[in-house]
Structure formats: C-alpha cells, structure tokens
Amino acid sequence: MSKTINVGIGFATGRRSFRKVLKTYIFNFKESGLTEKENVNLNLFVAYDLGYQNTKSTDYTNVRGDLLELLDQTYFIGKSSMQKETDLLLRENIITKKEATLFFGIGYAAKRNAVVYAAIKNKMDYLIFLDDDEYPLAVTNTRRSAIWSGQHVLAEHLSHIKAADITNGHHCGYISPIPYIEFNDVLSEDTFRVFIEAISNDIINWETIRSVMDNGGVTYADTKVLVSNESEEVPLHNHTKFISGSNLCINLTDPARVSPFYNPPGARGEDTFLSTCLEARKVLRVPCYTFHDGFSTYQHIMDGVLPIHLKDISADAQPIITRFYHACVGWIRYKPLLLYITQREAYEEKIAQMREHLASTLPSISAFFDCPSFMNINSELEQYHRNVKKHYRQFLETQRVWRRITDYLEATRTEEK
C-alpha cells in the first residue's frame, strides 16, 4: 500500500468571499478525485485577518457541513489561537517577544508564516497556498471570445512536488493592476515605460506588459501550457527564482529546506523575498492555471456563469486608478530591499537611476491620471531607501528565527516517535 500523504491547503485571507472561494476549490478537489483517495489526506489551514474588511471570525469558520466532510482536518488561525502558539514558543525559550512580533505579527508575510508553522506542526508533507480572489479556471481568447477550462490545480501540483522544493502554477485573468491606457500628449508610451521599469522588479518585461494592456488589462492563458503535462525549472535571475504567492506548493518533508516569508513593514512582496531564498532549491513551474479576479468583478463565475467577453480595465474609473496607485506604492516600497539583496554592488547606482526616472515621469503620470498622490512615490522611495539596512537585518533575522522554530518542531516530532 502506498504511503498516506498529508496535504495542507493554505489561505491567508481577509475577504468575506472566502467561503465561496473555498467551496469552489473543495468541489474542484472532489471533481479531480482527490477527496476519494484513501492515501491522500486533505487538511485546511486558514489564517484570517478581521481588520481587512471588518469581518467576523464566523465569516471564515462557518463552513458548510457537506464541505467539511470532504476534508480530513481544519485549522483556523486567528489572533487568539496564534497567541497561544507564540506563548508556547516563548515558554520554551525558542523565540523572544520581539521575534514573535517580527515573525507572526502584522502583515501578509506573518499570516503566511502562521500557516506554514501550523502545517509543519501538524505533520503536513506538502502545503499549497491558494488565494481568496483566484479560481481554478483558465481563460483563453479565441476568435474574440473567452473560452474557459477547469483546472485540477492541487492534483497537478501533487504530481510534481515530490521531485521539487517548490512548485508554482500559472495565472491568468486580471493579474496586472496596470490598466489599459490610450497614450497622448500628456503621457507618452515611452514615459510610461520608463516609469513602470523604475518601480517594478527586473523580470518585468515591457513587451509583455504592452500586450496585456492591448488585451484590455487581461492576461490570457497560453494554450501550449494548457495542453502540456511537463513542468519546467524556474530560471535563476540575479540570485532569485521568481515565484508568486498563490498557486504555490511547498514541500514540507524536510523543514530545513523551507524558508519563511518576509515583507518590509507596510509593504508587500512576501513572495518576491521568498524568491530570493531559492537559489539552491529546485523550483518548478507546473502546467496549471488559476484565474485572478483582481477587481472582484467576476465572483458569479463560482456560481457557474462564465462570461463570453472579459471587460477592459481602462484608466478612466477611479477604483482602477486607486488600485494602480496602491500597487505602485507597494512596488516602490519593496524595491529598495530587493535591490539591496540581489544587486548590492550596484545598489546606490540603481537608486540614483530610479530617482532620475521618477523625477522625469511622475509629473506626467500625476497629470494623466488626475491624481496628485502619485507624486508621493518619491517620498516613499526615500523612506524605504533610508531604512533598507534595517529591513535587511529584519529579513535575515526572520530566517534565523525560522531555523530555531523548525529545529524545535523537528525535535518535538522526534520525541513523539
């Protein structure tokens, strides 16, 4: 008889729509046959944030009984349950209060770390992270119509993860916050390109961005990937193997090979900073897609309504401009640390170049979007540049704390045996 594998299904969430997304994924697991396999245990891990959309704990924990029957165990990680775990680690002298705040405190990285910690503690072999605004579907653009196909996301990861440290799938839909723009005398394409390249990471390719913009802000699935059964290794770029934070599976069978998440205070990029820890790890891109509903426009997809045409994301609506602005701030906040980690020798030169490019483009960006707030991006860059060494120390400290925690969990496992 084959060995039973324990699979963790992880969400770091704060949206009211979580249970609807969860229902979709659980039925997807059932449709793929995973819930019927006696040698596969499916376990749910949910770290939730009540402050993001002013939710209640029951918005996450009140899962329908027929769905729970398809899972083996469920673990809901709120503030009080996480406090119990940190109190335990404090009593055992594994971490200090300051380290507990750094590792399990506020932010997306902390929520993801809580999920990974709980998964290892509960003896999971593998952990897949799914997002609460992504669905197990792929969409292609065929003869100007949206063609949809279901995706066995978890099953695809499980067929590859044994031979890797991390597997990462593909994304389609509204991945990019960059809207469709009709360039004019106020904002030229070259000015916008310089701005995007100044604030984003090095693997952003302008031609790819331009093609997504031409598709109205929609990223369509690659049909070659959809008909493939092969994975491919994620390439190394400046000591980094870039991954995304969802449609992401982590091999937990050797916790010493697992790295923690980190993001600078007030910033995002927790998946990017994990990417910088993967040079010596085997990271595979696997042939499955999730549809990213970045504007929460298509939640009715989970009720079986598949649109024939996907709406353009145009730069003439305030919510779209606001989302784009917040994305720009998020990018600029984490870029100094990313440069400091991956291109230390050229760091000052890169920051000087960013200053120059922002100075030449921000006035046009602000004028085009009629949003003076874009000028704040200059001060955001300077603030995170000033604190880059502090954030780098926190980044390294997070890894040291994680090593002590995983050593403790391994020792506990050994004692139990």
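## Basis of the model

Local features in this predicted model need pLDDT of at least 70, side-chain atom pairs count only at pLDDT 80 or more, and totals for chains, interfaces and linings use all residues. Residues are numbered from 1 along each chain as its sequence is written, and side-chain values use heavy atoms, with hydrogens and water left out.

## Two loop residues with positive phi

Lysine 123, although not a glycine, has a positive phi of about 65 degrees, and it sits in the loop between α6 (108–121) and β4 (126–129). Helices (H or I, at least four residues) and strands (E, at least two) are DSSP runs, numbered from the N terminus. With 39% relative accessibility, lysine 123 is partly exposed; buried means under 20% relative accessible area, exposed over 50%, and partly exposed in between (1.4 Å probe, protein chains only).

Aspartate 370 also has a positive phi, near 50 degrees, and lies in the loop between α13 (347–369) and α14 (376–386). At 67% relative accessibility, aspartate 370 is exposed.

## The buried face of α5

In helix α5 (residues 97–104), the residues Glu99, Ala100, Phe103 and Phe104 are buried. Seen down the axis of α5, these buried residues fall within an arc of 105 degrees, so they line one face of the helix; the arc is that of the directions from the helix axis to the C-beta atoms. On the other side of α5, Lys97, Lys98 and Thr101 are exposed.
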